[in-house]
Amino acid sequence: MQAILDFVNSSGFALFAQGDNWKCLIMLVIACGLLYLGIVKKFEPLLLVPIAFGMLITNLPGANMFHEIFFAGGHIHWELIGGAEVTQEFINELASANVSDAVLATVTVGQSVSAGLVDILYLGVKLGVYPCLIFMGVGAMTDFGPLIANPKSLLLGAAAQLGIFMTFVGCNLSGIFTPAQSGSIGIIGGADGPTAIYGATMLAPELLGPIAVAAYSYMALVPVIQPPIMRLLTTEAERKIVMKPLRQVSKREKIIFPIMVAAFVALLVPSAAPLIACLMLGNLFKESGVVDRLSKTVQNELINIVTIFLGVSVGCTATGRTFLSLQTIAIMVMGIVAFGFGTAGGVILAKIMNLFLKEKINPLIGSAGVSAVPMAARVSQVEGQKANPSNFLLMHAMGPNVAGVIGSAIAAGVMISLFG
C-alpha cells in the first residue's frame with residue numbers, strides 16, 4: 001500500500017497541488033490555445049505547433065524536460081551539463097546575478113542534474129545556430145528581384161523598422177525592462193521570428209519564451225493587425241494607385257546582390273553578420289544555379305529539421321514560473337505596438353516619397369516592409385485589390401518585404417552592438 005501511495009504522490013497529477021505548480025495548469029491552457037491557432041486556424045503552423053507542443057510538455061509537473069539552471073544568468077553552465085554537482089558558491093553567484101528564487105529552488109547544493117534531450121537541443125538556440133540556419137533556408141527561398149528592380153523599396157523596408165526602435169524607447173522608459181531587454185522586445189516589431197529569437201538569446205535570454213511566442217503569434221496575425229492601420233493612414237485614391245510592371249532583373253545582378261549585401265552589412269554592423277551572411281549564402285545557392293543540391297537541401301531538409309528543433313526547444317523555455325509575470329503581459333502589449341509602428345512607418349514614408357516622385361507609389365506596399373515574408377506582401381495585394389480590382393501589387397510589395405528581412409537583421413545587430 002505504501003508503494004502505491006508513493007507512486008501516486010510522485011505522479012504529475014499529485015504535483016499540480018504542490019508549490020506554484022498551479023501555474024503549469026494555466027500554461028497548459030495557453031499551449032492548447034496556441035495549438036488550436038496553429039492546427040485549426042493555420043496561423044504560422046510550421047513554428048506555432050512545435051512551440052506550443054514544447055510549451056505543453058515542459059509544463060507537465062515532474063517531466064523535467066528543460067532545466068533552466070543550466071542556462072541561468074544568461075550563460076551556459078557547461079560544468080553542470082557535464083554532470084558536476086551544484087555548489088554553494090555556484091548558488092551564491094547566481095543569486096548575485098539576480099536569478100529568480102524560483103529557478104534557484106529547482107536545485108540543491110550537492111545535487112547533480114542530468115541533461116535531457118531538450119537541454120541539448122536548446123544549445124542550438126542559445127549559441128545562435130538555429131536562427132542562422134533558418135535564415136539560410138529563407139535566403140534560398142527568397143527572390144530579391146523585386147528589390148533589385150526597384151531600389152526605392154529598400155527605403156520602405158528601412159522605414160518599417162520604426163516599430164523596433166519605437167518599442168525599444170517605450171520599453172526602456174517604462175522602467176520594467178533594462179535597455180538590453182527593451183532592445184530584444186523591440187525586435188518583435190520586425191515581424192521576423194528567427195531574428196527576434198536570435199536577438200533575445202544575445203540580449204535577454206530570460207525573456208526568450210515570451211518573446212518567441214509574441215513574435216510568432218503576431219506574425220500569424222499580420223492579416224488581422226495590418227489592414228485597419230493601412231486603411232486609416234491612406235485615402236481611397238491612394239489605395240487605387242496602379243504601379244507599372246517591374247523591369248526584368250538579370251541573372252548577373254541576382255548573383256552579385258547577395259555577395260555585395262553580405263560584405264557591406266558585415267562591415268557596417270558586424271554583429272548582424274551571422275544572420276545576413278547565412279541569408280545571402282542561401283540566396284547565392286539559389287541564384288548561382290550551380291549548386292542545386294545544396295539549394296534544395298537548405299530549402300527543404302535543413303530548414304524543416306531546424307524548425308522542429310527550434311520550435312520545441314524554444315517552447316520548452318516557456319515554463320510557468322518564468323512566463324506568467326508582469327513582464328510577459330508587457331511584452332505581449334508592446335508586441336502589438338511594435339507591429340503597429342512598423343506598419344505605419346512604411347506607409348507614411350511611401351506617402352512622403354510620393355510628394356517628390358513623378359511615378360507615384362501605392363502606399364499600401366510600404367506596410368510590407370515588416371519582414372513577414374510573404375504574408376505582409378499578400379496583405380498589401382489584398383487591400384489594393386479591394387480598392388481597385390485591377391490592381392496587382394504583390395511583386396511591388398515583395399521589394400519592401402524582402403528589404404524588411406535585411407532591415408530587421410541590421411536593426412537587431414545594432415541592438416546587440418549597443419547592449420549585448
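Me: Which residues in H4 meet which residues in H15?
Reply: Leu47, Leu48, Ile51 and Met55 in H4 meet Val213, Tyr216 and Ser217 in H15, where contact means heavy atoms within 4.5 Å. Helices here are DSSP runs (H or I, at least four residues), numbered from the N terminus. Keep in mind that this is a predicted model: local features need pLDDT of at least 70, side-chain atom pairs count only at pLDDT 80 or more, and totals for chains, interfaces and linings use all residues. Residues are numbered from 1 along each chain as its sequence is written, and side-chain values use heavy atoms, leaving out hydrogens and water.

Me: How many of those contact residues are nonpolar, polar or charged?
Reply: The contact of H4 with H15 has 6 nonpolar residues, 1 polar and no charged. Ala, Val, Leu, Ile, Met, Phe, Trp, Tyr, Cys and Pro count as nonpolar, Asp, Glu, Lys and Arg as charged, and the others, Gly among them, as polar.

Me: And at what angle do H4 and H15 pack?
Reply: About 145°, with the axes of H4 (residues 45–58) and H15 (residues 208–220) 10 Å apart. Axes are lines fitted to C-alpha atoms, for helices over the stretch in contact, and angles run from 0 to 180 degrees between N-to-C directions.

Me: How many residues of H4 are buried?
Reply: 10 of the 14 residues in H4 are buried, meaning under 20% relative accessible area with a 1.4 Å probe, protein chains only. Among them are Pro50, Ala52 and Gly54. The buried residues of H4 pack against H15, helix H3 (22–39) and helix H20 (292–316).

Me: New topic: what does Leu310 touch?
Reply: Leaving aside residues up to four places away in sequence, Leu310 touches Leu47, Val125, Tyr130, Ile134, Ile197 and Tyr216. Leu310 is also one of the residues that touch the most other members of the largest nonpolar core, which has 126 residues. Such a core is a set of buried Ala, Val, Leu, Ile, Met, Phe, Trp, Tyr and Cys residues joined through side-chain atoms within 4.5 Å.

Me: Which helix gives that core its largest share?
Reply: Helix H24 (residues 394–419), with 11 residues.

Me: Last one: why does Ala159 count as buried?
Reply: Because its relative accessibility is 18%. Ala159 is found in helix H11 (residues 153–159). Ala159 and Gly345 are 186 residues apart in sequence, yet 5.2 Å apart in space, C-alpha to C-alpha.

Conventions: Buried means under 20% relative accessible area, exposed over 50%, partly exposed in between (1.4 Å probe, protein chains only). Helices (H or I, at least four residues) and strands (E, at least two) are DSSP runs, numbered from the N terminus.
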